[in-house]
Amino acid sequence: MAPKKNQQQEMVQVDRTERPSSPFWRSRSSNSSRQPSGKSTKVIGASYSHADMLMFDSLSLGSNSGSRPRTPPTSSTRQAQTPPSERTSFQSPERRPHPTYTSSTLSNNGWDVLGDSDGEGEEEDLVYDDDEDEFGLPSLASMRRKRSIRNKNVKGHQVNYPTLSHTTSAPASSSGLDHVRSNSFDIAEERNPLSYPSARKGDGKILRPQYKDILRDPANSLHLIGHPSLPANSTPKQTEAHSTRISRINKFKRILQSSSVSLPDLRAAAWSGIPEEVRAITWQLLLGHLPTNSERRVTTLERKRKEYLDAVRTAFNGASTGRNGSSIGAANHTPGRGRGLDEAVWHQVSIDVPRTNPHIPLYAFEATQRSLERILYVWAVRHPASGYVQGINDLATPFFQVFLGTYITDLNVESGMDPGQLPRPVLDAVEADTFWCLTKLLDGIQDNYIVAQPGIHRQVTALRDLTTRIDAGLAKHFEDEHVEYMQFSFRWMNCLLMRELSIKNVIRMWDTYMAEENGFSQFHLYVCAAFLVKWSEQLMKMGFQEILMFLQALPTRDWTEKDIELLLSEAFIWQSLFRGSRAHLKTADSRVPMGSLGPAG
């Protein structure tokens with residue numbers, strides 16, 4: 001095989017009418033073009049659409065349109081293809097630090113501040129040579145440059161950062177502090193601050209006046225639940241729905257306000273859905289984040305939130321002080337390592353966070369992204385057996401969204417809500433509660449994320465066997481078309497269907513998962529089986545390529561809560577029939593041990 005030609009690839013700006021501003025795209029001036037005139041230089045960037053990856057011939061990839069662009073391998077003898085003179089006019093965009101970037105309990109320098117910026121050390125940045133990650137998303141290695149070239153180009157260049165008052169209207173006690181830019185040049189440092197939406201003071205949702213009481217004990221929010229009156233011209237159907245809703249809320253309040261919450265009663269009530277007014281505290285109780293004894297609730301919350309903030313300080317500022325607490329001088333640091341971060345983990349986290357739920361305005365705000373970065377990084381360094389794996393970023397978002405709504409009068413926080421405008425203790429509490437609940441969830445599916453991900457492989461094989469028993473015709477059609485279940489269901493198991501459903505529908509689905517004793521590890525399998533069989537009629541008419549394209553972009557955009565409840569009901573039927581069964585799930589070529597899908601219910 002002929003060696004591949006090393007070709008410099010660069011992200012270019014697409015039509016702004018079709019793609020919003022993103023930190024992964026930047027404009028390239030006409031005088032810096034490296035391709036001959038008349039030839040296309042368009043490169044396809046990061047995208048959540050997996051269907052178009054099956055049709056590479058339709059993509060415009062320059063003169064070599066017949067082959068996909070690959071990142072050239074790193075070599076010590078590799079020569080830079082771009083002369084330094086071509087980049088002497090490079091101007092870094094203004095860096096606008098966010099006033100609430102760090103916790104109030106952290107040091108005033110911020111947890112991402114590098115104690116050393118003198119450019120010592122000749123280590124190369126992490127370069128990822130693979131074209132794609134495990135989800136087929138394009139590599140971002142082409143956006144990164146070697147430090148030696150960057151240092152040569154920006155040597156002596158002084159960047160004047162604006163003060164915090166120029167970037168936000170939210171109050172901040174540390175408005176006089178400027179963040180020092182590190183020399184790591186990871187994607188988080190390269191992020192264009194202009195891509196963040198800005199919110200004027202007074203815009204957005206209204207903070208509950210009683211937020212301090214809710215911070216102390218989430219049960220205090222139960223006293224604030226109001227029931228809006230129905231219009232005089234309401235139909236009987238609307239009146240009945242309103243009455244049913246009030247009855248359900250009151251049922252949850254009776255359970256939650258007891259001195260010792262009964263988890264069996266709470267699970268039974270939660271299976272059919274949790275009213276959004278009581279969802280946050282119910283989730284925290286079902287996951288074990290809050291104790292069932294109300295007398296221990298306040299002290300437990302204080303201890304866990306402090307432990308998380310201490311973990312953040314340790315993770316991000318650990319390299320800034322010596323063992324005896326003394327400050328370590330700048331000479332002891334190497335460029336890119338001064339923050340004491342695990343650069344491989346931080347690299348992947350900082351790539352995934354900006355593309356988390358890009359269609360929801362809440363996740364475009366810098367305060368949201370900073371919180372997610374801290375949550376994911378701290379979780380990864382505290383769980384070295386698995387570390388950070390793509391997809392975990394999605395699993396944190398339902399918790400963050402639900403817990404954030406507890407402190408806002410309008411529970412719909414997906415739009416019009418900049419968390420950076422909230423008081424710092426509120427955002428700290430939301431962040432800490434999200435971290436601990438995410439930890440509880442992942443503890444039950446840990447083998448999905450360790451080396452080789454054996455848990456996912458077992459679930460995919462079990463899904464194949466279960467589909468064979470539920471819909472033999474569909475299973476036979478997949479076999480005839482040589483469709484492997486791993487090709488489409490890996491993401492279903494890894495991300496718990498979060499890429500297939502809206503986050504509101506996922507939140508409703510998680511109500512039932514938490515009500516089940518092993519909802520995320522076992523019941524999810526039956527939900528995936530019901531989800532696959534639901535499309536059986538359409539899939540039976542398709543060939544190999546059509547099947548994969550259809551399953552990677554399922555038409556669930558218009559699904560409502562009723563559709564989710566129907567899916568959960570079907571999954572419950574399959575679980576009742578097949579869980580713990582020794583015969584029904586054993587096929588001729590099955591490699592799943594008998595009874596591996598859980599004990600009989």
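**A covered helix and its surroundings**

Mentor: In helix α14, the buried residues are Phe 488, Ser 489, Phe 490, Arg 491, Trp 492, Met 493 and Asn 494. Buried here means a relative accessible area under 20%, exposed means over 50%, and partly exposed lies in between, as computed with a 1.4 Å probe on protein chains only. The model is predicted, so local features need a pLDDT of at least 70 and side-chain atom pairs count only at pLDDT 80 or more, while totals for chains, interfaces and linings use all residues. Residues are numbered from 1 along each chain as its sequence is written, and side-chain values use heavy atoms, with hydrogens and water left out.

Helix α14 spans residues 486–494, and seven of its nine residues are buried, which leaves the helix mostly covered. Helices (H or I, at least four residues) and strands (E, at least two) are DSSP runs numbered from the N terminus. The cover over the buried residues of α14 includes α10 (392–405), α12 (454–470), α13 (472–480), α16 (519–533) and α18 (544–552), where contact means heavy atoms within 4.5 Å.

After α14 comes Leu 496, with a positive phi near 55 degrees. Leu 497, in the loop between α14 and α15, also has a positive phi, near 65 degrees, although Leu 497 is a residue other than glycine. Leu 497 is buried, with a relative accessible area of 0%. A further case is Asn 357, a non-glycine residue with a positive phi of about 45 degrees. Asn 357 sits in the loop between α8 (343–352) and α9 and, at 9% relative accessibility, counts as buried.

A salt bridge is a side-chain nitrogen of Lys or Arg within 4 Å of a carboxyl oxygen of Asp or Glu. Side chains of opposite charge can pair when their charged atoms come close. Across the whole structure, 18 salt bridges are found. One of them joins the side chains of Asp 511 and Arg 279, at 2.8 Å from N to O. Asp 511 belongs to helix α15 (residues 503–515) and Arg 279 to helix α6, so that pair, 232 residues apart, links distant parts of the chain. Asp 511 and Arg 279 are both buried. A salt bridge at 3.5 Å, N to O, connects Arg 508 with Glu 565. Arg 508 lies in α15 and Glu 565 in helix α19 (residues 561–578), so the two tie together parts 57 residues apart in sequence. Arg 508 is buried as well, at a relative accessible area of 4%.

Glu 277 and Arg 245 form another salt bridge, at 2.5 Å from N to O. Glu 277 is in the loop between α5 (263–270) and α6 (279–286), and Arg 245 is in helix α4 (residues 236–256), so this pair ties together parts 32 residues apart in sequence. Glu 277 is partly exposed, with a relative accessible area of 23%, and Arg 245 is partly exposed at 36%.

Elsewhere, helix α7 (residues 297–317) packs against helix α9 (residues 366–382) at an angle of about 80 degrees, with the axes 10 Å apart. Axes are lines fitted to C-alpha atoms, for helices over the stretch in contact, and angles run from 0 to 180 degrees between N-to-C directions. The two helices are therefore roughly perpendicular, on a scale where angles under 35 degrees are roughly parallel, over 145 roughly antiparallel, 65 to 115 roughly perpendicular and the rest oblique. Glu 307, Tyr 308, Ala 311, Val 312, Ala 315 and Phe 316 of α7 meet Arg 374, Ile 375, Tyr 377, Val 378, Val 381 and Arg 382 of α9. This contact has nine nonpolar, no polar and three charged residues; Ala, Val, Leu, Ile, Met, Phe, Trp, Tyr, Cys and Pro count as nonpolar, Asp, Glu, Lys and Arg as charged, and the others, Gly among them, as polar.

Helix α9 is mostly covered, with 15 of its 17 residues buried. In α7, Arg 297 is buried at a relative accessible area of 1%.

For the whole protein, there are 19 helices and zero strands, and 49% of the 601 residues count as buried.
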